[in-house]
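Subject: Structure handover

Hello,

Here is the structure for you to take over. My notes on it follow below the entry.

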Amino acid sequence: MRSFFSLRAVAEGNSGKENPPFNRKKPPAQGGAAICHDRMLSELSEWFWQERRWFPEGLGWADLEDRDGRVYAKARDLWVALPIALIFLIIRQIFERMVATPLASLLGVKDTVRLKAPHNTTLESYYCNITKNPTQSSVASLCKKTGYSERQVQRWFRRRRNQDRPSLLKKFREASWRFTFYLLAFIAGLAALIDKPWLYDLKEMWQGFPVLTLLPSQYWYYMIELGFYGSLLFSVASDVKRKDFKEQIVHHVATILLISFSWCVNYIRCGTLIMLVHDSSDYLLESAKMFNYAGWRNACNYIFIVFAAVFIVTRLVIFPFWIIYCTWVYPVTIYKPFFGYYFFNGLLMTLQCLHIFWAVLIIRIAIRFLTNNEKVDDERSDKDETDESEEEEEEEAGEKKHMKKNGPVQNGHTVHNNNHSKRE
């Protein structure tokens, strides 16, 4: 046995002296670049996963190793969210065709038939590269370039803008999908947390940190939420774009980072509470949108008021004064602040800024409805989009007047000149 270790030591010593750096043949340029690239990735990985960035002093990854029948969250588990996100994209397509479309037909939502703008290279180039809403002087300039009248140029831009607007059916199907997920996620999250002590006493979320056993309900709650928000990022190019498009992207990215980071450092109890708070109001907003697109004004208005109340209570009261307070103030009484502490709370403050931004829009709509009894419209984009039918009617009326040219009037209605050929 001793001779075996002696031979091994000699072999290791020889291998260490074999091919020293100054005697070693110079590797090919491509091989050297590959080695350098691998070394950079290794150093970057070591720097990224340093324990002092992720844990308080005295704690580390070894504390999260499975032992004694206790299972802990692992960073590699997050890869499961990618196939889940793809599955969500497939389920969404099936849901929108098999469920949302028949439901839209049942509620009276119909796909808008819009008149297409005739092809014109000059106007199309101006529309795509300069602006979708030309000024009066620009309209006059375009008239000279195209030979169109001022009315025809304005009509072309109206029709072209309408072509880019999503139809009511598309918006209804998207709202139906999100309503279904948010409602089921809220019910599932509530069922998973209803018997947990940290739902009622937030300080309980830090008891025993970071050695907190992972529960199956927490695992699936995390993976499904992360997969859903991943699917939203994948489909962002085809989804309805609103005025707060950039804010929505920031929200999705911040949410994914929060879910991922809280999973890696075992902030799971806190993460489940944050997801539950967010899901508690989102399904109300989506249901209000659905009734709005269906033309059920009273149902839309009252659901929106309930949504506004729930949103303000959960996002402007519970989230900052309970959850953020418990993640910002209470942990420093247990351990010294570290990078992950500041990073996590920074993401929470980013979400809170977005909550304030959206709360201003929501309160403005709610006040206008309660004081002036106006209909509820989404200031982000829905107001312009839901007026499409009225714009089309005005456009058709303008066309008829243009076709008439001082024709006879009977009982306040114009008589159509069927012999007049309309030029686009």
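Trp49 sits in the loop that links helix H2 (29-48) to helix H3 (51-54). This is a predicted model, and in it Trp49 is partly exposed, at 33% relative accessible area. Together with Leu41, Leu44, Trp47 and Phe48, Trp49 makes a nonpolar surface patch of about 490 Å².

Overall make-up

The protein chain contains 15 helices and two strands. Of its 424 residues, 43% are buried. The accessible surface amounts to about 24,300 Å², and carbon and sulfur atoms account for 61% of that. If you take the contacts between residues at least 6 apart in sequence, 80% of them join residues at least 24 apart.

Confidence

The average pLDDT of the protein chain is 77, and 78% of the residues reach at least 70.

Leu212 and its surroundings

Leu212 belongs to the loop between helix H8 (168-193) and helix H9 (216-234). Its relative accessibility is 6%, so Leu212 counts as buried. What is Leu212 in contact with, leaving aside its neighbours within four places in sequence? The partners are Val71, Tyr72, Met205, Gln207, Asn266 and Arg269. Arg70 is 142 residues away from Leu212 in sequence, while the C-alpha atoms of the two are 8.7 Å apart in space.

Asn266, one of those partners of Leu212, lies in the loop between helix H10 (245-264) and H11. With a relative accessibility of 1%, Asn266 counts as buried too. The backbone deserves a look here: Asn266 is not a glycine, but its phi is positive, about 65 degrees. Most residues other than glycine have a negative phi.

Helix H11

Helix H11 covers residues 268-294, which is 27 residues. Of the 27 residues in H11, 26 are buried, which leaves the helix mostly covered. After H11 comes Gly295, with a positive phi near 85 degrees.

Other salt bridges

The structure has seven salt bridges. One of them pairs Arg92 with Glu174, with 4.0 Å between the closest N and O atoms. Arg92 is in helix H4 and Glu174 in helix H8, so this pair ties together parts of the chain that are 82 residues apart in sequence. Both Arg92 and Glu174 are buried.

The pair between Lys196 and Asp195 has its side chains meeting at 2.8 Å, N to O. Lys196 counts as buried because its relative accessibility is 12%, under the 20% cut-off. Asp195 is exposed, because its relative accessible area of 56% is over the 50% limit.

Regards

Technical notes
Residues numbered from 1 in each chain as written. Heavy atoms only, no water. Patch = residues over 30% accessible without salt bridge, like charges linked within 9 Å, V, L, I, M, F, W, Y side chains within 5 Å. Areas by Shrake-Rupley, 256 points an atom, 1.4 Å probe, with all protein chains shown as cover. Helix = DSSP H or I, 4+ residues; strand = E, 2+ residues; numbered from the N terminus. Buried < 20%, exposed > 50% of the residue type's maximum accessible area, 1.4 Å probe, protein only. Contact = heavy atoms within 4.5 Å. Expected span 1.5 Å × (residues − 1). pLDDT = per-residue confidence, 0-100.
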